[in-house]
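Open your viewer and get ready to select residues by number.

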Amino acid sequence: MRKFGLLLFLLAPFILLKAQNMNQQFYTQKWETVEGLLSKGLNASAAKEIRLILNQARTEQNTDQYIKSICMYLKSAESLSESADSAIIPFFHQELKYSQFPAKQLLYSMLGTLYQNYYEQKRWEILERTSVEPSPKSKKLIPDGTEDLETWTADQFFQASYSCFHASLTEEEASKNYPLEKVKGVLLPGENTFKLWPTLYDYLAHRAIDFFANDEIELTKPAYAFELKDSIWYAPALDFIKARLNAKDSLQSKLQVIKLYQKLLQFHLDDTDPSALIDVDLARIKYVHQHAVGVNKNEYYIQSLLNVLKKYPNHPGAAYASYLYAEYLFQGTQTQGRRANKNSESPTAHTKKRAAAKDVCDEILKKFPRTEAAMYAEQLLQQIMAKQIELITEEVLLPNKPAIARLSYQNVSQVYCKIIPMTLTELKDFNQDYLNNSKKVLTGKAIQSWSINLPRSNDFETHSTEIKIESLPLGCYALFISDDPDFENQKIVSINLLQVTDLTYIAVNESKQQRGIWVLHRSSGEPLSGVTVRLYKQEYNYKTYKNSLVEVAKLLSDGKGFVSLKNFQDNSSLIPELSKGDDQFYAPQQIYLYHQDAPQQNMVRTFLFTDRSIYRPGQNIYFKGIMVQSTGVDPLKHELLKQRKATISLMDVNHQVVETLEVSTNEFGSFTGSFQAPQGLLTGTFHLSAEGGQAYFNIEEYKRPKFEVTFDTIRSTYRLNDQIRIKGLAKAFAGNAIDGASVKFRVIRQARFPYYWCFYRWGQPSSPSVEIAQGQLVTGADGSFEIAFDAIPDLAVSPETNPVFDYQIIADVTDLNGETRSGKTNVSLAYQRLLLEIVSEESRSINDFNAVEIKSTNLAGVFNETEVILSLKKLKAPDRVLRKRLWEKVEFNMIPEIEKIFRWMNTMESLIKMNWAEEKLFGRKPFKRLPMVWRICKKLVRGEGWYVLEAKAKDLMDKK
């Protein structure tokens, strides 16, 4: 919980502080002068006055006035030069030479932020820079301001900030004994400011934590150097501060954050008032959970919050732990599977969590009102208890036939619906002024009104159902739905615009002669003649400040229902409006008329090839090329260019010409040549350029690998939850072993579901990738190493879904010379030990249906002999053509006999072939030794249709 604003120099407005020192009159007069100059835009003059104040404050060691004068000097310098950022940093380094505690510590902290801000402002430019190895003389622990920032890479900016924040904490004991109130003049305090961060050390340490907690500073560092995966990082404060940090990478950001939290907790462990201790402890717990890995991180997190609540049950600061617990419960309900609410009679697990989160928030507001935790709890309660209504309908309905719509709702027990007629003009203009038009239409007389009682409306969860819209005559309508019978605008009101028509069209643009639209009957698909088609284009009206429709043509469909658009200009957009008698249809989707130009005639192309994709400076770049000429009439017809002269250019990373070479093609239209990779230029991506062709490659300073990392094949039999042991080997290409090398490894678990079709009823399970193990080893005398880890499954995934867990082992080996090589392998485990797969296209010609391939393998993909029973069944397909719904399956069906009313619409399951009934079993055959291909007699297949070929087997554990 951050209780301070940033330092004054980061604020835009000018703040005049009251001078509190021996020379108050001097500072008061000077700041009044500075304020007047800045208000007139005389920044250069203001800067001179500020320097006088700065020198005086430095002499008197007046920290408030000194820091304020630096901040205001920076503010005045912002508009004096475009390169003010580059000038500010040397200014800070110059002041650091003369400053003393505590100003020196504050300046270092501010300078660390300056380096970070400079990087963030020019991030994309900096990330494109090529890293250059600095000279030994320029390798400094802390920058001195003389460096050229225009050449710095991201790592150098992070290292500079890192050094500055560490330097700000050098006077640790003095900072711990320095009350923060002494520098309150240059801070923006919040509520309980000096109670939670009582000393200068608290403030500086938290600013350093803010920097180190930024994940971006590790973009180029190994993510596994130090990981938060053990329960000790969630332990109570007294145990947490005793935890040992055994990471070799001392610059790793997570390590720095944990160290600072340990120091802060140790510092406040014996405080009489535990407010600061609780504040730091909860910040630590929250950070650990955000960055921790492992399957038990959520359990550890909840337990750590409960530990704080147990130790400080009546302390207002501990109320924030209650809020974090409620937030965790609520966030756990944000993602839910399609099967989450299948049982409508019992509350689901995530619904119980929302109710529990509400109870926790109510308890916070009751027990600790007017606290920061209460403010957060109030915001979370608003999300939990928020009312939501969303209705999805088809935009166009058929006349005199009922329709269906999808309704989703939260915390609403009853909704009211009404349908009000509109004119076509009102429908066109509706979105131009949505608010006023909706109010105007809402005053009209409804032709249909009804209300709906909704199930499960009091569990704070989002639910969905389908509602029936009774048949409507031709015309345009607005469907309003609200939780208020009076449809007041202050309440929730959802609006859906509907058109009821038999008209529709299909636009075609295959060629200019065939360009046009086909006018069709919406339900039968028959072409309609004599339909009036008005074409509009959209233009912006600068008088009304709105888009308006301008009619550009009025056409009539011919006897085949076609309207030609060949006379309209290319690259124009048209909006059609169809009408015939009382039937009208307006489609807001624009028809874009485009025409592809013919290919350029006699276009020359050069295909370039290099012998390698990467070179070192000074190496030869050998290339070959082929020149052809395209006629443009036939895109597949090319002619070789023989005895053709061409110029080949070598271009650097800035697309500047380095060298050119004249070549001539031979009787086969090809040529060869070479360049020498330039030395002394910026390395990166170079390319060869010729007439109609380019070839890209890299020029880099790199080393050829001297050794490789491999893993042995696993021959032991393992089960889930067993400890897996896998051996690796680091061996030089020359044949010698790489002994004494450092090995860093990590194990990542991922889940896959081979039989994905099994999840058609509830959706495929989700199992996120998780790092379950990491560590460091040393290779033996023979270059070998052994990695051991527990094959922990994802317990959130049901074994009934037949998951296969892939454990990816990644090892980085660094030899004594600093060369690093990586190797990885994969181990697959599951609740079963056999995988069956039938390889066949879903749709095949009955004449070609002779055989299918069947694979029987273990989890490693190796063929296994097994007894398999194969059967062929024919499915009974639906007796009518079904139209797919426009939305996902809903939870509750509130329309009686929905299948009879909407026979033309699918019931979701009806489109899933696995739900179709079995019509007949045509064959079943057992195989004691499964062949790779099963021959199917054509006589088994009786006519066209959908068939299911099913394979069944048991593994060694007698599991199907």
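A salt bridge here is a side-chain nitrogen of Lys or Arg within 4 Å of a carboxyl oxygen of Asp or Glu. The model you see is predicted. A search of the whole structure turns up 18 salt bridges. Here are some stops.

**Stop one.** Select E95 and R58. Their side chains form a salt bridge, with N to O at 2.9 Å. This pair links distant parts of the chain. E95 sits in helix 4 (residues 84-96), while R58 sits in helix 2 (residues 43-60). They are 37 residues apart. Is E95 buried or exposed? E95 is buried, at 2% relative accessible area. R58 is partly exposed, at 24%.

**Stop two.** Move on to K358 and D362. Here the N to O distance in the salt bridge is 2.8 Å. Which helix holds this pair? Both residues lie in helix 16 (residues 349-367). They are four residues apart, about one turn of the helix. K358 has a relative accessibility of 16%, so it counts as buried, the cut-off being under 20%. D362 has 30% and counts as partly exposed.

**Stop three.** Now select E470 and K468. Their side chains meet in a salt bridge of 3.6 Å, N to O. Color both by accessibility. E470 is partly exposed, with 42% relative accessibility. K468 is partly exposed too, with a relative accessible area of 27%.

**Last stop.** Select E172, K176 and K263 together. Salt bridges link these residues in a network.

Definitions and conventions: Residues are numbered from 1 along each chain as its sequence is written. This is a predicted model: local features need pLDDT of at least 70, side-chain atom pairs count only at pLDDT 80 or more; totals for chains, interfaces and linings use all residues. Side-chain values use heavy atoms; hydrogens and water are left out. Helices (H or I, at least four residues) and strands (E, at least two) are DSSP runs, numbered from the N terminus. Buried means under 20% relative accessible area, exposed over 50%, partly exposed in between (1.4 Å probe, protein chains only).
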